[in-house]
Amino acid sequence: MENAAGEALTAEEGAILADVARRLAAFDRERANLIPILQTIQNTHGYLAPAVLQLVARHLRLPPSQVYGVATFYNQFRFHPPGRNPIRVCMGTACHVRGGDIILENFERKLEIPEGQTTPDREFSIERVACVGCCALAPVACVGETVHGHMAPSKVEGLILQVRIARERAEREKKDHADS
């Protein structure tokens with residue numbers, strides 16, 4: 001089987017498709033199940049791959065364009081795999097007024113990806129979110145589950161570096177443990 005780009009599926013993509021095929025068996029072939037199916041897949045795998053949308057379309061006997069149209073209408077669905085360290089930059093009123101857009105631009109520039117995308121190594125992904133509920137700490141960015149308040153553009157590079165150093169440390173410890 002091939003992905004949307006006509007390339008052979010990776011082992012991960014193949015595993016996702018096999019899992020989705022198993023999960024689809026639990027849903028009747030009714031159009032009303034489209035959104036619950038997409039939500040189930042999103043919750044399980046973190047995103048909706050193009051090949052998954054085609055599989056869902058076949059299951060529901062719908063044109064792929066209708067499945068794609070519904071999926072792209074709702075902003076709850078992602079079409080790229082999330083990074084291991086998702087970065088969410090708050091754009092609520094308080095954060096926007098205090099420079100949330102500048103923080104977002106700084107993450108985009110440092111990671112060389114636009115919002116909604118994931119770095120090629122799948123370490124980071126960037127999302128713009130409406131509000132994280134920490135208005136007193138504005139502007140706010142979340143890296144993974146950690147909330148970073150009173151963000152400044154100068155803090156962005158440090159946060160990215162902090163994650164990369166933690167990953168390298170974990171890999172080194174894992175290697176040392178395997179060698180001993």
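Me: Which residues of α6 are buried?

Reply: An α-helix has 3.6 residues a turn, so residues three or four places apart point the same way. In this predicted model, the buried residues of α6 are G100, I103, L104, N106, F107, E108 and L111. Buried means under 20% relative accessible area, exposed means over 50%, and partly exposed is in between, with a 1.4 Å probe and protein chains only. Helices (H or I, at least four residues) and strands (E, at least two) are DSSP runs numbered from the N terminus. Residues are numbered from 1 along each chain as its sequence is written. Local features need pLDDT of at least 70, side-chain atom pairs count only at pLDDT 80 or more, totals for chains, interfaces and linings use all residues, and side-chain values use heavy atoms, with hydrogens and water left out.

Me: What do the buried residues of α6 pack against?

Reply: They pack against β1 (85-90), α5 (93-97), β2 (124-129), β3 (141-143) and α7 (153-179). Contact here means heavy atoms within 4.5 Å.

Me: Which residues touch the most other members in the largest nonpolar core?

Reply: In soluble globular proteins, nonpolar side chains tend to be buried together. A nonpolar core is a set of buried Ala, Val, Leu, Ile, Met, Phe, Trp, Tyr and Cys residues joined through side-chain atoms within 4.5 Å. The largest one here has 23 residues, and L34, L38, V52, V56 and V67 touch the most other members. At least two residues come from each of α1 (11-24), α2 (34-45), α3 (50-60) and α4 (64-73), and α3 gives the most, with 7 residues. Leaving aside neighbours within four places in sequence, L34 is in contact with V56, L60, L62, V67 and V70. A second, separate core of 17 residues includes V89, I103, L111 and I126.

Me: At what angle do the axes of α1 and α3 cross?

Reply: Two packed helices are described by the angle between their axes and the distance between the axes. Axes are lines fitted to C-alpha atoms, for helices over the stretch in contact, and angles run from 0 to 180 degrees between N-to-C directions. The axes of α1 and α3 come within 10 Å and cross at roughly 25°. That makes α1 roughly parallel to α3, a term for angles under 35 degrees. At this contact, I16, L17, V20, A21 and L24 in α1 meet A51, V52, L55, V56 and H59 in α3.

Me: Where does R61 lie, and is R61 buried or exposed?

Reply: R61 lies in the loop between α3 and α4 and is exposed, with a relative accessible area of 64%. Its phi is positive, about 55°, although R61 is not a glycine. H150, in the loop between β4 (146-148) and α7, also has a positive phi, near 50°. H150 counts as partly exposed, at 45% relative accessibility.

Me: Which peptide bond is cis?

Reply: The bond from A138 to P139 is cis, with omega near -5°. P139 is in the loop between β2 and β3.

Technical notes: Parallel < 35°, antiparallel > 145°, perpendicular 65-115°, else oblique.
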